[in-house]
Amino acid sequence: MQNLADLWARGDAVGRAVALLLLAMSVAAWVLILWKTWGLRRARNDIGRAVPAFWDAATLEDGRTRLAAADREGVLLPLVDAALQAAPGGTLEADAARATQLTRRLRDALHRGLARLQWGQVVLASVGSTAPFVGLFGTVWGIYHALVSIAAAGTITIDRVSGPIGEALVMTAAGIAVAVPAVLAYNLFGHWIAACEADLEGFAHDLRELVLGPGPRPPGA
């Protein structure tokens, strides 16, 4: 801690701004990692429990009630609501065939659910791709700052050069340390989201076939 305090004290405004930016990126990445780990694990568990419970129901309304109790992340229930919804009269949607109306509503509900699951992925990708370059900029600026200070002192020795340059390289290490967890989390979450997307698309397809088939009809169909 003392070395970090000394490094902070010797830095200029640009070096400190880079350090604060890396700190902010790290905090944002770890908050998203913890939040999305919790949310995506709940979504995967809910899909695995709620879909079989829905298909065990006697009617769409009963299935919706079961989903409402199990779908804590709200990615399945909008699909059932879209299937139960009737198009308002006097609109272009109402003029379309019933199959087209249903496909459109299910697609929109599916996209909203996926957007909910994908929230924060852009931030993780941005942190993972830019943090090393931010750290590298901090290193380059630190080396420049150190060389200017050494030149102003009038004497150049290995000891006077190696110390400041070694300290400047800490910025590169910090940038990599910020980027690695963000990249790993982005790839892991992408795998989880893809698995949820496949399950949701399958559920939406089966739900569409149910509503359009000879089985139970939503109100107003």
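Visitor: What does the protein average in pLDDT, and where is confidence lowest and highest?

Guide: pLDDT is the predictor's confidence in each residue, from 0 to 100. The protein averages 83, and 81% of the residues score at least 70. Confidence is highest in helix H2 (residues 13-55), at a mean of 91, and lowest in helix H5 (residues 92-95), at 55. Helices here are DSSP runs (H or I, at least four residues), numbered from the N terminus. In this predicted model, local features need pLDDT of at least 70 and side-chain atom pairs count only at pLDDT 80 or more, while totals for chains, interfaces and linings use all residues. Residues are numbered from 1 along each chain as its sequence is written, and side-chain values use heavy atoms, with hydrogens and water left out.

Visitor: How is the packing of H3 and H4 described?

Guide: Two packed helices are described by the angle between their axes and the distance between the axes. Axes are lines fitted to C-alpha atoms, for helices over the stretch in contact, and angles run from 0 to 180 degrees between N-to-C directions. The axes of H3 and H4 cross at roughly 160° and come within 9 Å. H3 and H4 are therefore roughly antiparallel (angles over 145 degrees). Leu60, Glu61, Arg64, Leu67 and Ala68 of H3 make the contact (heavy atoms within 4.5 Å) with Leu77, Val80, Asp81 and Leu84 of H4.

Visitor: At what angle do H4 and H6 pack, and which residues meet?

Guide: H4 and helix H6 (residues 98-118) pack at about 160°, with axes 9 Å apart. H4 and H6 are therefore roughly antiparallel to each other. From H4, Pro78, Leu79, Ala82 and Ala83 meet Leu102, Arg105, Leu106, Ala109 and Leu110 of H6.

Visitor: Is Leu106 buried or exposed?

Guide: Buried means under 20% relative accessible area and exposed over 50%, with partly exposed in between (1.4 Å probe, protein chains only). Leu106, in helix H6, has a relative accessible area of 4% and is buried. Leaving aside neighbours within four places in sequence, Leu106 is in contact with Leu79, Ala82, Ala83, Ala204, Leu207 and Arg208. Leu106 and Arg208 are 102 residues apart in sequence, yet 7.9 Å apart in space, C-alpha to C-alpha.

Visitor: Where is Glu73 found, and why does Glu73 count as buried?

Guide: Glu73 is found in the loop between helix H3 (60-70) and helix H4 (77-84). Glu73 counts as buried because its relative accessibility is 11%. Beyond its neighbours within four places in sequence, Glu73 is in contact with Gly39, Arg42, Ala43, Asp46 and Arg116.

How values were computed:
Helices (H or I, at least four residues) and strands (E, at least two) are DSSP runs, numbered from the N terminus. Angles under 35 degrees count as roughly parallel, over 145 as roughly antiparallel, 65 to 115 as roughly perpendicular and the rest as oblique.
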